[in-house]
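Biologist: I have a sequence and a fold on the screen. Please take me through what can be read from them.

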Amino acid sequence: MNWYILYCMNAKTEKLCTMFRSYGVNAFIPRMEMYLRTKGLIKRDMFPSYIFIKSEMEQLEFNAFLKKLDYQKDGVIRELKYTDEQSLHFDFISALTKTEISMFEHLFDEQGIVRLSKVKFVNDQPVIYEGPLINYNYNIKKLDIHNGLAYLDIDFQGSQVVAGIKLEKIIMGG
């Protein structure tokens, strides 16, 4: 399974996802759950203006598919790509690397949502004990308890991965 990322006009992402799904393509807007004291549990776009696509199509087939859509893909600005320096031709590849795919498969549920992770403090150290961030305790760079966010030291396409957390308890000593 390959993953592709499209950068789109933010106002058209929902419409574009619906259009891609009508062609049988698994398209979603990556979202995360957050817990706000005033509003409770909410969902927020994890990467605003981006659509993720999971497909069996290889790169050239996916490129042809996008080209065939023509006017229907109105709102797609560009496909995110990186240079394949291992190739002799320095091809531009948009499929995510196996490492990135593995990370996102672990974080996202079936709907493309990073569910809330629960954190507790043990001797002033944050410990994720439930949720998709459970294996990322050592990747936490910063916790924003007030806004219910964990900033991870995982770089993805030049930006830091952020996920929702909820402080459950503080345990002192031991």
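**Reading the model**

Modeller: Ser49 counts as buried, at 13% relative accessibility (buried is under 20% relative accessible area, exposed over 50%, partly exposed in between, with a 1.4 Å probe and protein chains only). This is a predicted model, where local features need pLDDT of at least 70, side-chain atom pairs count only at pLDDT 80 or more, and totals for chains, interfaces and linings use all residues. Residues are numbered from 1 along each chain as its sequence is written, and side-chain values use heavy atoms, with hydrogens and water left out.

Biologist: In which loop is Ser49, and what is its phi?

Modeller: Ser49 sits in the loop between β4 and β5 (50–55). Helices (H or I, at least four residues) and strands (E, at least two) are DSSP runs, numbered from the N terminus. Ser49 is not a glycine, yet its phi is positive, near 75 degrees.

Biologist: Is Asp70 buried or exposed?

Modeller: Asp70 belongs to the loop between α2 (59–69) and β6. Its phi is positive, about 50 degrees, although Asp70 is not a glycine. With a relative accessible area of 53%, Asp70 is exposed.

Biologist: What is the mean pLDDT of the element with the lowest value?

Modeller: pLDDT is the predictor's confidence in each residue, from 0 to 100. The protein chain averages 83, and 84% of the residues score at least 70. Strand β2 (residues 26–28) has the highest mean among the elements, 96. The lowest belongs to strand β8 (residues 92–93), with a mean pLDDT of 62.

Biologist: How should I treat predicted coordinates where pLDDT is low?

Modeller: A low pLDDT calls for caution. Predicted coordinates there should not be read in detail.

Biologist: What is the relative accessible area of Cys17?

Modeller: Cys8 is buried, at 1% relative accessibility. Cys17 is buried too, and its relative accessible area is 0%.

Biologist: Which residue in β6 is the bridge partner of Cys8?

Modeller: Strand β1 (residues 2–8) runs antiparallel to β6, and three bridges join them. Two strands pair if DSSP finds at least two bridges between them. The β6 partner of Cys8 is Val76.

Biologist: Which strands stand at the edges of the four-strand sheet, and why is one side of each left without a neighbour?

Modeller: The four strands form an open sheet in the order β2-β5-β1-β6, with antiparallel pairing. The twist averages 30 degrees from one strand to the next (axes are lines fitted to C-alpha atoms, for helices over the stretch in contact, and angles run from 0 to 180 degrees between N-to-C directions).

Biologist: What is the order of the three-strand sheet?

Modeller: Strand β3 (residues 31–36) and strand β4 (residues 40–45) run antiparallel, joined by six bridges. They form a hairpin with three residues between them. β3 also pairs with strand β9 (residues 113–114), in the parallel sense over two bridges. The pairing is mixed in this open sheet, and the order is β4-β3-β9.

Biologist: How far apart are the C-alpha atoms of Val25 and Ile53?

Modeller: Val25 lies in the loop between α1 (13–22) and β2. Val25 is buried, with a relative accessible area of 8%. Val25 and Ile53 are 28 residues apart along the chain, and their C-alpha atoms are separated by 7.2 Å.

Biologist: How much space lies in the largest cavity?

Modeller: On a 1 Å grid over the protein atoms alone, a cavity is a set of points where a 1.4 Å probe fits but cannot get out; lining residues have an atom within 4 Å of a point. Grid points are joined across faces, edges and corners, and a volume is the space filled by probe spheres set on the points. One cavity of 30 Å³ or more is counted. The lining of the largest cavity includes Trp3, Phe28 and Phe108, and its space is about 40 Å³.

Conventions: On a 1 Å grid over the protein atoms alone, a cavity is a set of points where a 1.4 Å probe fits but cannot get out, and a pocket is an open set with protein on both sides within 12 Å along at least five of seven lines; lining residues have an atom within 4 Å of a point.
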